[in-house]
Structures are given as structure tokens and as C-alpha cells.
Amino acid sequence: MPLNKIPKLREPRGAVVQRVRDLFLEREYKTHPEDYYLEDIKLIEQMDFLLQRYVIMQRKDVEASVKMVSSMLKWRKEKKLYEMNFKQFPQELTLVGGAFLYEPDKYGNKTIYLRASLCKNCLELKSSLRDFLTYLMFQLDDPKDGATYSVIMDLTNTTLTNYDIDLLTHIVALLKDYFPVNMDYFLAINFPWILSAAWSLIKRLIPAEKRDAVQFINSDKIFDFVNEENCPDFLGGKCTKPYSFIDPDAPNTVDYLQLHATKSIPNKRLREILNLFNDCLPKDHMLALRKQIEQMKDGIKVMESNNNNGSDENLNQKVAPVVEASINTNQAGRA
């Protein structure tokens, strides 16, 4: 039951795609080759899906497509997507099992699962969680052939403490702007009424042709989309593939904050951050973190001049004007 209604190019490597490729390579890449990954340039030269999807997004508008290709490829380089790995994120993001790639669905789509109740709204860790989701989407994405994927979000036991509009809009931006076109469907399982207002807001950010791809179902309907043997246990499936793990080379949350915090964090706040994960991390892991915090007399001290460069906020400011232009172009095309 593919739900992806984004039109496909009749000629994936036709004249329009060739024109966009040639203009991008001549005007953008030739002028500033250091702004782009060589791996991405090879995909552009071959007119693979990485190029094709932006032509689709811009409805074959050559100039708008060239601008979007340039902007999105610069974003990939600025975010250092090819250098990302699990070692740079807090161990707890993989240990909690709140977001992970998994087995294919009934239609052959690759899948990413998001467990909303395990995503904690924590200001100090917000940037790392956004980057973590970006990395997972980069792994899921197929820039060569455009294989489709599905997003399955389990909202069971979600409360207002899990509500984070910034994170929700980031997820929409990842799907709509940075890794567009090849999402087949988005499942929202056991959607709670308390998030109705959030959905009303998010819905406005989703292109009209993609809204039908968002499906609201109860958990007992999951096997309409995913075979039982490929479904994780928390949704009633029988798949035994692990979806949580700990990378011994990655920093734990306390060590991560010591490396990346932009403001001082007293012990009291560190304990509050830790308590957010009290219901979803192993007891021995929590105990070790508590001991580490108690051994820190003054918490985490940061000089005022210590500020992370290349933060997600700064990056979004760089990319936002072009993304906004692309949205306006799409809206004009529908008018």
C-alpha cells in the first residue's frame, strides 16, 4: 500500500536534470569546491537520486533546483554527515532505544522507529538529540537510488513532559527539506489527545501532497504495515534484533556535557537531567551516573567565552532562507 504521492520524474536523467547538474557544477561547485563533499559531487555527476529529488521538489524549475542542490549539499558538509558516528553522542541515546533503524516493513521499505515517551525534553541535550536523529536519517537515506523508507512513531504513554515542539519541527524539516521525496509513510501509533494542538501546528508544515502519508493507527493495526517477525517487541512483534546498545567509546551524558555544555551546570541540575531517564535506563547505569555526579563538587563549570561553534541553531539560520525560498516556490507552483 505505498502512500508516497510525490510525483516521480518520467526521465530521471532527462534534459532538466542534466541542465541542473551542469549549472550546479559550473556555477556553484567550480567556484567553491571546498563547500561540498566529493562523495556528493560524484552522485550529482552521475545524476543519481540525490540530484533528482531536488528537481522533483522544485517542480523542474531549473534555477530553484540549482539553489536547493547547492544549499542542501552545503548543509551536508557543514553538518559533517559523512564523519558522524555513534561515538560522538551520549551513550544514553543508543542505550535507551528511543530512536533506531530496524527491519523492513511489509512493502520492502527501510524503517526508522521513534519512541516518543523515551525522548526527553532536556534543554542541555536538545542539540545532541537533533544531531542524533539527523545521523539516523542520513544512514536511512538512499541518495543513489532513492529507495523508500517509512517512519514509525510509537506515542504510547507519551505525556506533556515528552512534548518538544522544536524537536517535532526538526523531524519535519529532516523529512521535508533535507531527506525529501522518498518517505513512503509516517505512522503515528496510539496518538494521545493531549498532542492534538501540536499536530494542528505540525500539519501546516507538511506539503499538501504528503499529508495523506501520515497515518494514525492503534498499535493493534501495526501488522497491517510490518510483519510480526520484523516488528519490535514493544509493539507486539517477535523480532529479536537488538534496538538498544551502548557504545563503550562514546561519552556518557555527564562526560558529554562536560565537553559540550555552553553554560555552567550545577549538580542540582545534573541530577534533574539524570532523573529524566530514571524510568528508561538500567539501574546499574543510573547508579554509576549518580556516583559520578556526586563526585563533582561544583558541577560543570564553563567559561562564558566557551561556546560551541556550528551549533544546530546557527546552522538552521544559515539554511533557513533557502529552505524558506524553496517552500515559497513550491507553494507558488501549486497556486
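**Note on aromatic packing in the predicted model**

1. Of the chain's 335 residues, 51% count as buried. The model is a predicted one. It has 12 helices and five strands in the chain. The exposed surface comes to about 16700 Å², with 52% of it supplied by carbon and sulfur atoms.

2. The whole structure holds 22 aromatic pairs. One of them is Phe 24 with Tyr 36, whose ring centres are 5.2 Å apart; the planes meet at 85°, so the pair is edge-to-face. Phe 24 belongs to helix α1 (residues 15–29), while Tyr 36 is in the loop between α1 and α2 (38–45), 12 residues apart. Phe 24 is buried at 0% relative accessibility, and Tyr 36 is buried at 4%.

3. Phe 89 and Phe 132 also make an edge-to-face pair, at 5.4 Å centre to centre and 80° between the planes. Phe 89 is in the loop between α4 (62–78) and α5 (91–95) and Phe 132 is in helix α6 (residues 126–140), so this pair ties together parts 43 residues apart in sequence. Phe 89 has a relative accessible area of 2% and is buried; Phe 132 is buried at 2%.

4. Phe 89 and Phe 132 belong to one aromatic cluster together with Phe 86, Tyr 135 and Phe 245.

5. Charged side chains also sit over rings. The charged end of Lys 77 is over the ring of Tyr 37, 5.6 Å from its centre. The charged end of Arg 115 is over the ring of Phe 234, 3.8 Å from its centre.

Definitions and conventions
Residues numbered from 1 in each chain as written. Predicted model: local features only at pLDDT ≥ 70, side-chain atom pairs only at ≥ 80, totals over all residues. Heavy atoms only, no water. Helix = DSSP H or I, 4+ residues; strand = E, 2+ residues; numbered from the N terminus. Buried < 20%, exposed > 50% of the residue type's maximum accessible area, 1.4 Å probe, protein only. Areas by Shrake-Rupley, 256 points an atom, 1.4 Å probe, with all protein chains shown as cover. Phe/Tyr/Trp six-rings, centres within 6.5 Å; stacked < 30°, edge-to-face > 60°. Lys NZ or Arg CZ within 6 Å of the ring centre and 35° of its normal.
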